[in-house]
Structure formats: C-alpha cells, structure tokens
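Subject: Structure handover

Hello,

The structure is below, followed by notes on what was found in it. Please read the notes alongside the coordinates.

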Amino acid sequence: MPRQFFVGGNFKMNPIDRATEASLVGGLNKATLDPTTEVVIAPPAIYLISVKASVRPDVAVSAQNLYPKDSGAFTGEISPKQLVDAGIPWVILGHSERRTIFHESSEFVAQKVRAALDSGLKVILCIGETLQQRESGETGAVNEAQLKPVIAAIKTAEWKNIVIAYEPVWAIGTGKVATSTRAQDTQAEIRAVIRKSVSATVADEVRIIYGGSVTANNCKELATQPDVDGFLVGGACLKPEFANIVNARL
Ligand code: PEP
C-alpha cells in the first residue's frame, strides 16, 4: 500500500498572540488542501485547545512536547494523559531544539515516545545530524544512534503510530534546504535502519518526512523522491504557502 503523504506544521513558540493564532487558523480553514495529504499542525501548548476547537476537521492538532509521567510534581510540564483528555492526537518528540537547547538525550526522547504510545498518542519523531556531524561523515551513524533507543523501547506493531521526521539541524530555520538527492539518500538510509532493526514490513510502511527550510518553492522537487513521504514545516507553516506545501504532490 502506498504511504499517505504527511505534512506537519510546527508553529514552535509562535504565534505571539491570540489574534495571530485566529488569522493563521482562519487562513488554513479557507485554503484548498489536497484531501489525500494527512495534515497536522502543532501550536504552542497554550493554544492547543483553542486551535483544536477552531481548525477544520481534516487538520489534526499536535503538541510540541510532553513529559513522560501521567501527573505529579513536574512544574511547567504537560502529561500525555492531559493531551489525550484535551483531544490532541499527536505529539512532536525529539525536535533538535529540544535536544540542543533543553539537552534532551535520545534515551529521554525514547521514554517520551514510550509514554506517548502508552497513552494512545501518535508521534512525530525528529532525528537529524548537525553540520559538523555531516561534514565529518557521521550522518548515518547519528540518525541510527538517535533511532536506537526508540527502536528498543517500542514494539513492532507500534510503528504504525510513528512518523519519522528527518530534520538535518543545519537546515532548520537556516534557508539551507537539503537537496532532493541528499534528502532521498539519507531517508533511504533511515529506512534501511528500520528494515535491519525492526522489520521489512515496518520499513515499507513507516512514513519518513523531511524537515528543514521547506518552502512552496522547493517542496515539489523534494516530494518527487520515493523516500520523502511528506514534510515537517517550521517557518513556512506560519504563512499562506503552507497550503502549497500540503499540496506538493498535486
Ligand atoms: C522545524 O522546526 O521543524 C523546521 C523544519 O523549521 P523550518 O521549516 O523553519 O526550517
């Protein structure tokens, strides 16, 4: 079965006010979106419930993070159960900003993935190498090392609830998008890791999306690549061109 094209919009710590949130959601609600693309948007936690209430029903909502406990003395954190209670079906985990700014290890990301799946959430799992790692030829090893604790933490059948977002750190928010060949080659390599370490069926079925400076201008070529099953979009998801990215395969 062909893998369904998937486009996520990561708002990060935007918008800065409710009026901007309303106009972003309003714009998306009016846009023509390819009905064959699965679309998920991830606003900041404070806007999850209002975005969920106002966004069109064919666009799902994702959190940008969670803490891997049900409840308790974890000031400032949000639990997977709370997300489920709020009707939020997805969560982004392992984003490079969490890994670098908040020092999240791959083992901690795996604990979060485990907790998310235990509560019935679906996960957009981000992995990717820094510029220095790319330049020293470590891209494959870095991606595999980031995947390994997750592979160890989850069962084969649970991969249907995971989308892998390959996001080279050097491409995030820099305007330096990966060439379609580089994205394809790296994502084929990631799929090979899944084939070797999980199963051939999961490798064939899991969606591997690309993230890092995706725009309306570069999405179409990237979308022609066989192992690019969609995108995770940061900056451009706050603009009307997000609809063009959703429609990259039209
Ligand atoms: C992201 O933050 O996940 C991302 C891909 O950002 P941008 O599209 O702005 O590079």
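Which residues does Arg99 touch, not counting residues up to four places away in sequence? They are Gly94, Glu104, Ser106, Val109, Cys126, Ile127 and Gln146, where contact means heavy atoms within 4.5 Å.

This is a predicted model, in which local features need pLDDT of at least 70 and side-chain atom pairs count only at pLDDT 80 or more, while totals for chains, interfaces and linings use all residues. Residues are numbered from 1 along each chain as its sequence is written, and side-chain values use heavy atoms, with hydrogens and water left out.

Arg99 lies in helix H4, residues 96–101 (helices are DSSP runs of H or I, at least four residues, and strands are runs of E, at least two, numbered from the N terminus). Arg99 is buried (under 20% relative accessible area, 1.4 Å probe, protein chains only). Arg99 has no salt bridge (a side-chain nitrogen of Lys or Arg within 4 Å of a carboxyl oxygen of Asp or Glu); the nearest side chain of opposite charge, Glu104, is 7.0 Å away.

The side chain of Arg99 does make a polar contact with that of Ser106, at 3.0 Å (a pair of N or O atoms within 3.5 Å, one able to donate a hydrogen and the other to accept it). Ser106 belongs to helix H5, residues 106–119, and counts as buried because its relative accessibility is 14%. Beyond its neighbours within four places in sequence, Ser106 is in contact with Arg99, Ala145, Gln146 and Pro149.

For the protein chain overall, there are 11 helices and eight strands, and buried residues make up 52% of the 250 residues.

Regards

Definitions and conventions:
Buried means under 20% relative accessible area, exposed over 50%, partly exposed in between (1.4 Å probe, protein chains only). Lys and Arg count as positive and Asp and Glu as negative; His and the chain ends are not counted.
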